[in-house]
Amino acid sequence: MNVEAKAPPEAPQTPAGEGEGGSHAAWLLAVCCVAQFMVILDLSIVNVALPSIQSSLGFSSPDLQWVVDAYAITFAGFLMLGGRAADRFGQRRMIVIGLLLFGLASLAGGAAPDQGVLVAARALQGFAGALMAATSLAIITASFPPGPKLHRAIGLWAAMNGLGGAAGVLLGGIITEFLSWRWVLLINPPIAIVAALVAYSVVRERRRARDETAFDLAGAVTLTVGQMVLVYGVVEAGLKGWGTFAALGPIALGAALLGLFGVIETRVASAPLIPFKELTKPLRTVNSIVLLFSAALFPMWFVGSLYLQQVLGLSPLHTGLIFLPMTLTIMVIASRAGKLVGRFGVRPVLGSGLIMMTGGLLLFTRIGSSGSPIIYVVIPGILTAAGIAMSIVPSTIAATQGAKQGQAGLASGLVNTSRQIGGGLGLALLITLATQRTTHLIGSGQQVSQALTDGFRLAYLIGAGLAAAAAVITFTAIPRPDAALAAGARRFALAIAGVLAVFLALTVVFAGSHGAPIGAYTTRGAYSFVTEPSLHPPIIRTTAHAPPSQLAPGYIFTANFYDLNEPPIVGQSGPLILDRSLRPVWFQPVPEKVVASNLSLQSYQGSPALAWWQGRVTNTGATETGEYVVVNQHYQTIASLKATDGWVLTLHDLKIQGEDAWVTANKNIPMNLSKYGGAFNGALVDSAVQEYNLRTGKLIRSWDALQHIPLSESQATLPTNGFPWDAYHVNAIDLTGNGSFLVSMRNTWAAYLVNIETGRIEWTLGGRSSSFTFGPGAAFQWQHDVALQPGSKVSLFDDHCCQLTGGGTYVSPTAPSRGLVLQLNQQAHTATLVAQYSLGDDFDAQYMGDTDPLPNGNVLVGWGSEPYLSEYSASGKLLFEGELPGPDLSYRATLEPWVGEPLSQPAGAARQANGRTTVYASWNGATEVTAWRVLAGATPSHMTSVASAARAGFETAIPVAEGYGSFQLQALDSAGRVIGTSRPFTPRAAP
């Protein structure tokens, strides 16, 4: 964004460059550039932080744009007034006041406890920014002599526009990711104080001599308030509908206030803020062009930030880095745009810039719900950014050329006012329409990521239309260049056509590009086996290990799951059984198009069975598809289950009872959420506990949370951009065996005991309407894995964290995550702390996790989104700990008895290297193997035992003598009996 303000004529003075030392001039220029840098920085720096701000303070999608609009609108409304304030009250006074007020507003915004304070602080920032921008340019023009020195000074000041924009998106990403969104504002106060002190020391107190001109405060206020009320009406239209009084009333009032502003300027003000009667037709034309293309630009940055974080799952830092090439493009091309105008004329350069902008925005409409940000954002973004740079400078030149004599300052200030007005109104309108589109699609059954993408596409498409309209006005209303420039203008047009062709070709070449599948993996940090080359489970390290006598017996059940924001996964995703040394015993990778979770021990048809979930979970946490798979002790699939009637099975829980399976399920449904602060055409993620017959797949019963738990119980704020409101988030079921079940709802912070036959809630533990009073340290938040235990106890995993914001960021936790055991007193209705298991006061799991009390009194805790699993003694002593590699995680980790009897044969291989032969043996899932015997001979029909070795993990390496042409393996149990024999195999050279 470029900002130029009116520089008022001054009383006679000695410019800094002539009468003062070079050091003084350098300090003066530095403070003016810092002021301008801060103004532009704070317009762009919040874009990357918007998702975090929304979740932290509970903004709805339409309301979120006020964080940007409040700043932009007040900035626009008071920009022209800022120059007159400096003129009347003095340059030094106004630059110091502007800097200090900007720092104070930033402090208030950074510490804002709620939405209202933040928006008010941003509005105050915009007012202060208008004073800073106008006064800093006035100081430069008054302090440097005409000629090269003044041109260099203005050039450096103008460069702060591009530098502030570039630094804003990058610093916004770094600060949001490593500190907090609040620090994007809190960095301003110390800088503002230092700059104010320097300004007070080096800036002269200049003011216009004997200025009797009236101060058009009424015009500035009606312009600003009229815009704000109009934008409020547009925002309310997105929440409550375009035909409601809540929308039409403010829109009508805003229009009336803007009409009043016109009356004040034309009939009342003696020195109007915008002297309409004095504006030439060319100046009005240029401002119309600026208004249109600015309405497309502001939403481009806003929408791009949300798309990168909420659809593609980029972190705030990565989002800032993606934006960086665009802002650098603006800097480079804007610095040369003036020369282009001199060579080819205003119309060719401005028109070409708008065509490039239109083309770039049209390329943005090709974004996908998955894929590369380079293809979907950077390539069209560079073209759009080049168009922005080639539009801003020529439009400003056109405005000054089209103004009357002596109106150059007025023209440049008016252009920038139009830019901010267009941006603020465009942002409100486009985001409202995009949100409505998204919520409609989600309510119609479309997947969340695709619905978000389609909403963003609509915003880009409308933006392209606005830019195209500006281009049409440019070519029809702005005069052609002089004949001397016509030939060059034609060559310039051909060059622009070539640029457009290049970007179009890049788009065609990469058309259809999609992101890596959800289960894409790397083998770095994963096992690779000679006998099973297609298996790559993750290597899980032991970081703490007490003597085996202190640990509970059994196998660890888990499933390798991916971090929602840091793909790819290390090793394949799939159900995984580990021994007590964390070595794989059985692993079943799932196809890369899905991921697996929640491996559990079940009993089905009178025998032990394994069950796990597999499906698609987006980086926003939305479950798009899901099914449960059940296998017997031979690892044969004996049942699989998918939901019906539009429901989707989630990964959270499955319990098999007899022939039936009880599962957790979600369903997106359209709903009017206006009474809860959402959109009138919003969408809700409904949650249910459902019972299906495993043999037939028939739905037997469905307990719908929406029918029994008021939405007002939800602790989750309504999300942005049409996301369905996940008000409940069912995540655990426990069948009590006495006609009821216990169900956990993460986002109400509560568990509910439900009568199966009536569906009535018998009691509630936690949340806003708890039936129990909590003792010290017993309360929990955002919990998982709630289960009843003997003696009226309840175990659960207390995440105590967090409202997720996307892109790997979340609202700060209020307490550490922990495994938790509570004692319920049904008569006194109290819940008291029995035991808790933690990894420290500053340790928090953002989501998932489980607490598994063991038969020997120990407790196994899976840490969900954090890559750990831990076993504690009953007293809370850490006995055992494992750590998954890199970004991997597991929803649950349990310790279970298991006997696996695969029907496949053992796998064997022999490799020769450096005169030695090694035989490798494995049998995926065979728990009874304790040793291996190697048979060898010249041919498969003539083999004898040549070696044996104890089983050593999933794959055992056994050295043997040279000279054998064929090998075979025998698997031995603890009694030395042969329980499996491999196929014969021959040795091969090691790679």
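Reply: What follows begins with the whole chain, turns to one helix and its partner, and ends with a group of charged side chains.

The model is predicted, so local features are described where pLDDT is at least 70, side-chain atom pairs count only at pLDDT 80 or more, and totals for chains, interfaces and linings use all residues. Residues are numbered from 1 along each chain as its sequence is written, and side-chain values use heavy atoms, with hydrogens and water left out.

The secondary structure of the protein comes to 18 helices and 38 strands, where helices (H or I, at least four residues) and strands (E, at least two) are DSSP runs numbered from the N terminus. Of the 991 residues in the protein, 60% are buried; buried means under 20% relative accessible area, exposed over 50%, and partly exposed in between, with a 1.4 Å probe and protein chains only. Among contacts (heavy atoms within 4.5 Å) between residues at least 6 apart in sequence, 68% join residues at least 24 apart.

Helix H12 covers residues 281–310, and at 1.5 Å a residue its 30 residues should span 44 Å, which agrees with the 44 Å between its end C-alpha atoms; the expected span is 1.5 Å times one less than the number of residues. Because 24 of its 30 residues are buried, H12 is largely enclosed by the rest of the structure.

One partner of H12 is helix H14 (residues 346–364), and the two pack at an angle of about 30° with their axes 12 Å apart. Here the axes are lines fitted to C-alpha atoms, for helices over the stretch in contact, and angles run from 0 to 180 degrees between N-to-C directions. The crossing of H12 with H14 is left-handed, a term used if the near helix is turned anticlockwise from the far one by less than a right angle, clockwise being right-handed. From H12, Ile289, Phe293, Ala296, Leu297 and Met300 meet Leu350, Leu354, Met357, Leu361 and Phe364 of H14. The residues of this contact divide into ten nonpolar, no polar and no charged, with Ala, Val, Leu, Ile, Met, Phe, Trp, Tyr, Cys and Pro counted as nonpolar, Asp, Glu, Lys and Arg as charged, and the others, Gly among them, as polar.

Turning to the charged side chains, the whole structure holds twelve salt bridges, each defined as a side-chain nitrogen of Lys or Arg within 4 Å of a carboxyl oxygen of Asp or Glu. One of them joins Asp653 to Lys655, with the closest N and O atoms 2.9 Å apart; Asp653 is buried at a relative accessible area of 3%, whereas Lys655 is partly exposed at 25%. Another salt bridge, at 3.1 Å from N to O, is made by the side chains of Asp785 and Arg892. Asp785 lies in strand E20 (residues 784–789) and Arg892 in the loop between strand E29 (878–883) and strand E30 (894–896), so the pair ties together parts that are 107 residues apart in sequence. Asp785 counts as buried at 12% relative accessibility, and Arg892 counts as buried at 7%. Asp653, Lys655, Asp785 and Arg892 are linked in a network of salt bridges.
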